[in-house]
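This report describes selected strands, sheets and helices of one protein model.

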Amino acid sequence: MTNSQLTPGVVPGRLSPQEYDANFADVAPPLDAHEAQVAADRCYFCHDAPCMTACPTSIDIPLFIRQIATGTPEAAAKTILGQNILGGMCARVCPTETLCEGDCVRMESEGKPVEIGALQRFATDTLMAAGKHPFTRAAPTGKSVAVVGAGPAGLSAAHRLAMRGHEVTIYDARPKPGGLNEYGIASYKAPEAFASAEVAWLLQIGGITVVQNWQMGRAGDGTLDDLLADHDAVFLGMGLSGVNALNLPGEELAIPATDFIAALRQTEDLSTLPIGRKVVVIGGGMTAVDAAVQAKLLGAETSTIVYRRSQGEMPASEHEQDHALGCNVRLICNAAPVAIHAVEGGLEVEFARTETTGAGLRKLDDTFRLKADQVFTAIGQTLGATPAEIRLAGGKIAVDGAGRTSLSRVWAGGDCALGGEDLTVTAVAEGRDAAEDMHKFLIGE
């Protein structure tokens with residue numbers, strides 16, 4: 001090991017191979033069969049289950065847990081995947097503490113919910129390990145659909161459309177399909193290339209062709225009009241490709257946290273990835289937490305999240321905040337960036353203290369500076385270029401009903417569309433529901 005946590009600047013190889021392996025091991029190891037049985041036995045199998053209502057994909061949670069309890073995890077997996085075809089990834093990354101587990105009736109009596117996420121993972125992993133795909137295609141309809149974006153919404157829509165007998169072509173701007181699951185999730189949440197394995201498993205349904213490195217509107221690729229000419233319908237699920245600007249002096253010295261996370265996800269050898277000795281992350285959401293935690297796990301001596309409002313107002317869940325603090329990430333709240341300065345030996349980020357007033361957030365005259373080798377920004381993403389004829393609302397694609405846009409034969413869902421909570425599970429639900437609506441349109445119902 002040529003470098004260490006104390007090496008100045010931005011350098012690779014701060015840790016030993018053993019430390020990298022330990023730091024990026026599965027943050028929530030899977031249950032074995034006995035542990036799953038014990039966890040399933042805690043379920044009350046509520047008839048009017050609040051956990052099911054809290055699930056954006058409306059999985060029948062009591063049913064799948066009963067199926068695990070009776071020794072049929074593959075049947076449980078089919079129950080899950082019938083509603084959420086990316087149930088394996090969602091079991092790993094869903095904020096279950098604020099969704100299904102947060103509404104579990106066990107919380108009231110014991111303060112500890114049934115481990116719904118872990119049980120979901122046990123069931124879906126069991127099925128995938130067996131190499132089985134529980135769904136078959138319907139008879140061909142002769143209709144074809146273009147899906148723009150191979151993220152959770154696009155994959156969900158594509159699978160459901162293929163299952164209904166339509167031919168689907170997914171057009172994606174990146175070299176690998178998966179979208180957020182492949183490029184935007186913290187590596188310790190889904191290690192061992194699970195995202196790509198899940199995509200490969202999903203494509204076993206057949207009838208889906210993936211075109212990679214294709215971006216709508218880019219010269220040499222194609223336009224929405226081209227897609228409508230070649231297909232009977234189009235689903236837009238390209239996510240958010242832009243990032244919000246800081247709009248302050250020196251912002252060119254910062255790196256979007258999404259770029260850092262994507263690079264980390266695609267790095268085969270973590271020891272080759274440079275990381276600063278002192279890292280500062282500007283933002284307060286899940287992306288900020290993922291960037292700050294992974295900087296620490298890569299060997300940064302200090303990793304600091306700075307958020308402009310109070311800790312209680314942070315978009316990142318309390319669970320994620322606790323995880324960051326447990327990884328020795330420092331958290332500074334009520335501070336807004338003013339400028340990033342290039343100084344001898346690195347950078348300094350200047351912040352102004354803030355307070356919330358009746359008129360909103362106000363910067364105070366009290367300022368301070370943090371030394372940094374690397375600065376990551378995680379202040380939200382924006383919709384990339386879209387066809388001028390698509391109606392937008394709130395900076396996203398406006399949709400009615402099950403994802404219908406302002407254009408005939410065009411649907412949208414996921415992060416690029418208005419509504420939802422910008423969660424993988426919500427994107428899956430929107431892609432699934434749009435696909436069902438598209439199916440009815442395509443067969444003339």
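The model is predicted. In strand E15 (374-378), both faces are covered: Gln374, Phe376 and Ala378 are buried on one side, and Val375 and Thr377 are buried on the other. Counted over the strand, 5 of its 5 residues are buried.

**The parallel sheet**

E15 belongs to an open sheet of 5 strands, arranged in the order E7-E15-E9-E10-E11 with parallel pairing. Strand E7 (255-256) and strand E11 (330-332) are the edge strands, and each of them pairs on one side only. In this order E15 stands between E7 and E9. E7 is joined to E15 by 2 bridges, and the two strands run parallel. E9 and E15 are also parallel, and their pairing extends over 5 bridges. Thr377 takes part on both sides of E15: Pro256 stands opposite Thr377, and Ile282 has Thr377 as its bridge partner. Thr377 is also one of the buried residues of the strand.

At the other end of the order, strand E10 (residues 302-306) runs parallel to E11 and is joined to E11 by 3 bridges. Here Ile305 stands opposite Leu331 in E11. Helix H14 (residues 286-297) packs on this sheet and touches strand E9 (278-283), E10 and E15. The direction of H14 makes about 170° with that of E10.

| Strand pair | Sense | Bridges |
|---|---|---|
| E7 and E15 | parallel | 2 bridges |
| E9 and E15 | parallel | 5 bridges |
| E10 and E11 | parallel | 3 bridges |
| E13 and E14 | antiparallel | 10 bridges |

**Helix H15**

H14 is also among the elements that cover the buried residues of helix H15. Which residues of H15 (residues 318-326) are buried? They are Glu320, Gln321 and Ala324. These three cover an arc of only 100° around the axis, and therefore lie on the same side of H15. An α-helix has 3.6 residues a turn, so residues three or four places apart point the same way. On the other side of H15, Glu318 and Gly326 are exposed. Asn328 follows H15 and has a positive phi, near 70°.

**The antiparallel sheet**

A further open sheet has 3 strands in the order E12-E13-E14, and its pairing is antiparallel. Strand E12 (335-343) and strand E14 (360-372) each have a single partner strand, so one side of each is left without a neighbour in the sheet. From one strand to the next, the twist averages 20°. Strand E13 (residues 346-357) pairs with E14 over 10 bridges, and Leu347 stands opposite Ala372 in E14.

**The contact of H5 with H8**

Helix H5 (residues 73-83) and helix H8 (residues 116-129) have axes that come within 8 Å and cross at roughly 105°. The two helices are therefore roughly perpendicular to each other. From H5, the contact is made by Pro73, Glu74, Ala76, Ala77, Ile80 and Leu81. From H8, the contact is made by Gln120, Phe122, Ala123, Thr124, Thr126 and Leu127. By residue class, the contact consists of 8 nonpolar, 3 polar and 1 charged.

Note on methods
Residues numbered from 1 in each chain as written. Predicted model: local features only at pLDDT ≥ 70, side-chain atom pairs only at ≥ 80, totals over all residues. Heavy atoms only, no water. Pairing = 2+ DSSP bridges. Helix = DSSP H or I, 4+ residues; strand = E, 2+ residues; numbered from the N terminus. Axes fitted to C-alpha atoms, helices over the stretch in contact; angles between N-to-C directions. Contact = heavy atoms within 4.5 Å. Parallel < 35°, antiparallel > 145°, perpendicular 65-115°, else oblique. Nonpolar A, V, L, I, M, F, W, Y, C, P; charged D, E, K, R; others polar. Buried < 20%, exposed > 50% of the residue type's maximum accessible area, 1.4 Å probe, protein only. Arc of directions from axis to C-beta.
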